[in-house]
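Trainee: Before we turn to particular residues, may I ask how solvent exposure should be read?

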Amino acid sequence: MLGLMSAKRIVIYMPDALVDALNRVTAVSPQSRSELICAAVQRFLAEGPGPAVESASPDEAFFDRVAEMMQSGLLQPADFTDPAVEQPRPKSKLWIN
């Protein structure tokens, strides 16, 4: 698939479970991981993200993604409960010594 086409190396971040699944498929496939990812990206670009994603507002898409990550175990409720660190209050007067 990659053949003689011009190519660039990129770095992407994927959840560990997705990398593990990709490695399992690659082990039994004649295609490399790069070829599989290229095919998936090309298909995504050709088909588009789908009507559910296109019709959602940016806020809805964000909250949908957070909910998806929580369901998959990538985010835990404890990740959001960090107490805010109170910043020191600025002095009301400037003192010059």
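Mentor: A residue is called buried under 20% relative accessible area, exposed over 50%, and partly exposed in between (1.4 Å probe, protein chains only). Arginine 9 has 81% relative accessibility, so it counts as exposed. This arginine 9 lies in the segment before H1. Helices are DSSP runs (H or I, at least four residues), numbered from the N terminus.

The model is predicted: local features need pLDDT of at least 70, side-chain atom pairs count only at pLDDT 80 or more, and totals for chains, interfaces and linings use all residues. Residues are numbered from 1 along each chain as its sequence is written, and side-chain values use heavy atoms, leaving out hydrogens and water.

Trainee: Why does the length of H2 agree with its residue count?

Mentor: The expected span of a helix is 1.5 Å times one less than its number of residues. H2 has 15 residues and should therefore span 21 Å, and its end C-alpha atoms are 21 Å apart. Just after H2, glycine 48 takes a positive phi of about 85 degrees.

Trainee: Is phenylalanine 44 buried or partly exposed?

Mentor: Phenylalanine 44, placed in helix H2 (residues 33–47), counts as partly exposed because its relative accessibility is 47%.

Note on methods:
Helix = DSSP H or I, 4+ residues; strand = E, 2+ residues; numbered from the N terminus.
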